[in-house]
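Welcome, and please open the structure in your viewer. We will take a short tour, one selection at a time.

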Amino acid sequence: MDMPRIATRAAWKGSEIDYRTEMMHRFTDDEVAEIDGALKACGDRDIAEISRETFPLPDMGQALLGLRDELLDGRGVVLMRGFPRDRYTADEMARIYVGLGVHLGRPVAQSWYGQLLGSVIDISDVVEKVRGYNAGGGQHFHIDTSACDIVSLMCLRRALSGGASRIVSLSAVHNQLLDTRPDLLEVLYRGYYNHHHEMDAKYAVTAPLSAERIPVMTQTDGRLTGVLDSGNLRYAVQMGGVTLDPVEIEAYDELQRIARSEEFFLDMNFEEGDIQFLNNRTIMHARTNYEDHPDVARRRHLLRLWLRVDEWPARLAHQLFLTDADTTNWLQNRRPFMELPSKYLAEMTAAQEKRRREQTVLKPGQPSGTFPSARSWQEERDGVLAAR
Ligand SMILES: [Fe+2]
């Protein structure tokens with residue numbers, strides 16, 4: 001199999017990088033003024049109505065296109081810092097964030113209920129059966145869905161302590177595997193079956209289980225492109241009837257082991273108002289454990305965008321699992337203004353107060369930062385863990 005080494009700036013090691021000098025853009029006073037003007041022009045529009053026309057950035061738009069090139073052909077990571085968070089309400093910050101995002105790409109829905117702007121916050125004691133981004137604690141390395149080219153976070157509120165964004169270059173991990181375990185790298189090029197989340201599948205137009213294995217890595221024009229939504233691999237095992245062979249388990253575990261070694265990963269501690277953009281084809285992300293506030297309204301709260309970039313070379317068809325057609329179909333469940341932080345936090349606070357009153361507060365699940373082996377997915381399915 002042809003698996004050439006990635007010899008571009010995309011292959012970096014966290015231990016050799018200072019993100020403050022190599023991956024950071026500091027907002028200038030002129031940029032803040034231009035954004036402030038765009039926010040006034042935008043007014044109180046719904047998130048779905050924010051576009052390059054309704055949030056005009058004639059000067060900064062050009063700078064953002066330069067940052068987008070850095071995501072595609074540079075390090076794959078941009079952190080924008082220095083925005084005066086304290087001058088704006090949370091809802092204004094949400095509109096500003098989306099307003100910047102639409103100059104990079106097209107926001108797509110992030111789950112079956114159609115949110116174009118996600119809230120990454122721990123509500124696992126309030127809402128049943130939440131996904132990873134609505135649970136607390138650490139998270140292991142993954143790449144978000146193939147429907148998204150740039151995954152982005154804005155920090156509205158920090159945790160009491162901890163909760164760093166941990167990222168790793170898939171290209172660097174690729175090269176390490178090439179040197180040490182090319183046999184396992186081949187398994188990753190072949191890939192794994194993927195399966196949609198149960199409710200996502202109900203509103204998706206593609207089949208719940210992929211017809212073929214989806215490559216974790218492919219290369220075109222010297223660029224590596226990755227897909228590794230570990231949730232989708234786990235659902236394939238637990239809902240799709242897929243059984244991984246020992247070498248498939250070893251390849252997944254070895255990829256995770258390299259990614260979480262100090263030499264390879266990079267931790268970014270968010271300040272309030274920070275915006276992080278990641279190339280979701282080349283950067284894996286995770287999060288460190290953290291300590292949070294008991295009240296939902298004062299918890300660590302990040303906003304998330306999934307951006308599709310139509311101007312980038314298209315992903316290879318055989319690596320697409322969740323598609324544009326799926327995320328577009330999810331929009332049927334979207335309610336106007338539902339993503340605004342004020343509305344979202346009011347709903348969650350009311351739900352938390354109700355649970356406290358009725359003494360039905362949920363016990364948070366096991367944080368996924370425990371880095372399970374892929375073996376545990378089928379052990380869990382087959383009841384081996386329960387029987388022990
Ligand atoms: Fe993620």
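Which residue stands opposite Arg166 in strand 13? Select Arg166 and look across: Ala286 is the residue facing it. Before moving on, note that this is a predicted model, in which local features need pLDDT of at least 70 and side-chain atom pairs count only at pLDDT 80 or more, while totals for chains, interfaces and linings use all residues. Residues are numbered from 1 along each chain as its sequence is written.

**Stop 1**

Now select strand 8 (165-169) and strand 13 (283-287); the two pair in the antiparallel sense over five bridges. Strands pair here if DSSP finds at least two bridges between them, and strands (E, at least two residues) and helices (H or I, at least four) are DSSP runs numbered from the N terminus. Contact means C-beta atoms, placed from the backbone, within 7 Å.

**Stop 1: helix 5**

Stay with helix 5 (residues 170-180): eight of its eleven residues are buried, that is, with 20 or more other C-beta atoms within 10 Å of their own. Among them are Leu170, Val173, His174 and Leu177. The elements that the buried residues of helix 5 pack against include helix 6 (182-190), strand 9 (217-220) and helix 9 (246-259).

**Stop 2: strand 6**

Next, select strand 6 (residues 150-157): seven of its eight residues are buried, so the rest of the structure largely encloses it. Strand 6 pairs antiparallel with strand 12 (residues 275-279) over five bridges, and Ser152 has Phe277 as its bridge partner there. Strand 15 (residues 301-308) also runs antiparallel to strand 6, joined by seven bridges; look for Arg157 bridged to His301.

**Stop 3: the core**

Finish at Met154, which touches Met93, Tyr97, Ile275, Leu302 and Leu303, not counting residues up to four places away in sequence. Met154 is among the residues with the most contacts inside the largest nonpolar core, which has 98 residues. Such a core is a set of buried Ala, Val, Leu, Ile, Met, Phe, Trp, Tyr and Cys residues joined through C-beta atoms within 7 Å.

Notes. Buried ≥ 20, exposed ≤ 12 C-beta atoms within 10 Å, placed from the backbone. Contact = placed C-beta atoms within 7 Å.
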